[in-house]
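Please look over the backbone geometry of this chain.

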Amino acid sequence: MTADILLNDYINNFRKHCLPYPNLKELLDILVSKNYEIGIITNGKYPFQYNNIKALKIEHYMDVILVSEKENIKKPNPLIFEKAAKELNVGLCECIFIGDSFKNDYEASKLAGMHSIYRFNGENDIPNVTNSIQNLYELTGIIKKC
């Protein structure tokens, strides 16, 4: 097998194996029921990343989906966070960004002016994280109370 064949297989078949984080759809249902604006900012190739989102069957929840290649802006660049807030018609300080990359999600969204939550996966000990969760279920309880 050549590298091109393997890459082509990955591009065409990865989405068939995508799995959502536990409690993702429950969280999205709660957010939609409370009229929150919801978006995704993801680094990667377009349409590859968009097809992965569609495979998870969550694109209909989203008010904005930004894929770095299509936008020509890649996290941690603050411009991609600014673009998402602008498309959602909200201020950066009104946004909560949840991500699993310390540098590209937590630090970058915080520096851009958003409230940041780090979804800690237990693989690395990350210092200086004031807001973190280990799973999305932790957020569902907080949001249900609001």
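## Model

This is a predicted model.

## Ile58 in its loop

Ile58 sits in the loop between helix H3 (48-55) and strand S2 (64-67). Its relative accessible area is 4%. The cut-off for buried is under 20%, so Ile58 counts as buried.

Leaving aside neighbours within four places in sequence, Ile58 contacts Leu24, Lys25, Leu28, Ile40 and Ile53. Pro20 lies 38 residues from Ile58 along the chain, and their C-alpha atoms are 9.1 Å apart.

## Cis peptide bonds

Most peptide bonds are trans. The bond joining Tyr46 and Pro47 is cis, with omega about 10°. Pro47 belongs to the loop between strand S1 (39-42) and H3.

The bond from Lys75 to Pro76 is also cis. Here omega is near 20°. Pro76 is in the loop between helix H4 (68-71) and helix H5 (78-88).

## Positive phi angles

Most residues other than glycine have a negative phi. Asn23 has a positive phi, near 70°. Its place is the loop between helix H1 (3-13) and helix H2 (24-33). Asn23 is partly exposed, at 28% relative accessible area.

Lys57 is not a glycine, yet its phi is positive at about 60°. Lys57 is found in the loop between H3 and S2. Exposed means over 50%; Lys57 has 55% relative accessibility and therefore counts as exposed.

Technical notes
Residues numbered from 1 in each chain as written. Predicted model: local features only at pLDDT ≥ 70, side-chain atom pairs only at ≥ 80, totals over all residues. Heavy atoms only, no water. Helix = DSSP H or I, 4+ residues; strand = E, 2+ residues; numbered from the N terminus. Buried < 20%, exposed > 50% of the residue type's maximum accessible area, 1.4 Å probe, protein only. Contact = heavy atoms within 4.5 Å.
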